[in-house]
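The entries below follow the order in which I looked things up.

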Amino acid sequence: MRLPIRALFVAVLLLCACAHAPRNPMAHWVPSPNHETRRPVLIVIHATEQDSVRESLDTLRTANSGGPVSAHYLVGRDGAIYQLVADSLRAWHAGPGRWGTITDVNSASIGIELDNDGQAPFAPAQIAALLRLLDDLCTRLDIPRTQVVGHADFAPTRKRDPGARFPWKQLADAGFGAWPRAPLADPPAGFDPWTALRLLGYPLEQDDTPGRVATVRAFHRHFRGDEAGVLDAEDARILYALTRLP
Ligand SMILES: [Zn+2]
């Protein structure tokens, strides 16, 4: 009789542990019912840089040679929306990178992959579906509508998606992401565009010339639709306007 009772006791202990794991063993566990799942504060847009939804659904659900990856959502060119990871869980779409003070982008974000080979224009039905999804996510999860960025924005030395053809202006017209208000004005004397880039969230290491060029390319893909790696006067006007957004 003793063994089954002990086994039952262990089983109950394991069940309790699962229900509340992970606990910190250095603290007294005094559980409170007043909690919920953590909420993301950022949305990251990706392009799959693959050839089909079928291929990407496979990539996002398997081990892959370079390691497992995933995203919360995949949007097809026809506007079909697939969900692969629950909003409350941490998907593996961001990799290393930093956006402002967010140093673990996967923990803080929802990842949306768009079926796009990285070269072709984004299909109108796909962008329409993305706008519906952004509205749903920002409303339901209370994510600020300005907090929508591209993968390359926070990982400029490693990534270029969603690419220079992604219609950020169209997103901004629908109320998502940051966009400068027209008409653009010349910044005052002493305005530092590098400080402005950093304030927006772009990662910039001191004295890292290749990293700075990559960051400028990411900024240009996002706000100019090109991949130039040098800041010019128009960039200064755009950055000045962006830093003056409420
Ligand atoms: Zn990506």
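**Entry 1: contacts along the chain.** I began with the contacts between residues at least 6 apart in sequence, and found that 64% of them join residues at least 24 apart. I note that the model is predicted. I then looked up burial: of the 246 residues of the chain, 41% count as buried. The C-alpha trace spans about 85 × 40 × 35 Å along its principal axes.

**Entry 2: secondary structure.** I counted nine helices and five strands in the chain. Reading along the sequence, I wrote down the pattern α-β-α-β-β-α-β-α-β-α-α-α-α-α.

**Entry 3: helix α4.** I turned to α4, which covers residues 124–141 and has 18 residues. From its first C-alpha to its last it reaches 25 Å, close to the 26 Å expected at 1.5 Å a residue. I listed its buried residues as Gln 126, Ile 127, Ala 129, Leu 130, Leu 131, Leu 133, Leu 134, Leu 137, Cys 138 and Leu 141. I next asked what covers the buried residues of α4. The cover includes the strands β1 (42–47), β2 (73–75), β3 (81–83), β4 (109–114) and β5 (148–150), and also the helix α6 (168–173). After α4 comes Asp 142, and I noted that its phi is positive, near 60°.

**Entry 4: α7 against α9.** I examined the packing of α7 (residues 193–200) with α9 (residues 233–243): the angle is about 45° and the axes are 9 Å apart. That angle makes α7 oblique to α9. I recorded the crossing of these two helices as left-handed. On the α7 side the contact is made by Pro 193, Ala 196, Leu 197 and Leu 200, and on the α9 side by Leu 239, Leu 242 and Thr 243. Sorted by class, the contact of α7 with α9 has six nonpolar residues, one polar residue and no charged residues.

**Entry 5: α8 against α9.** I then looked up α8 (residues 209–223), which packs with α9 at an angle of about 75°, with the axes 12 Å apart. The two helices, α8 and α9, are therefore roughly perpendicular to each other. Phe 219, His 220 and Phe 223 of α8 make the contact with Asp 235, Ile 238, Leu 239 and Leu 242 of α9.

Conventions:
Residues numbered from 1 in each chain as written. Predicted model: local features only at pLDDT ≥ 70, side-chain atom pairs only at ≥ 80, totals over all residues. Heavy atoms only, no water. Helix = DSSP H or I, 4+ residues; strand = E, 2+ residues; numbered from the N terminus. Expected span 1.5 Å × (residues − 1). Buried < 20%, exposed > 50% of the residue type's maximum accessible area, 1.4 Å probe, protein only. Contact = heavy atoms within 4.5 Å. Axes fitted to C-alpha atoms, helices over the stretch in contact; angles between N-to-C directions. Parallel < 35°, antiparallel > 145°, perpendicular 65-115°, else oblique. Left-handed = near helix turned anticlockwise from the far one by under 90°. Nonpolar A, V, L, I, M, F, W, Y, C, P; charged D, E, K, R; others polar.
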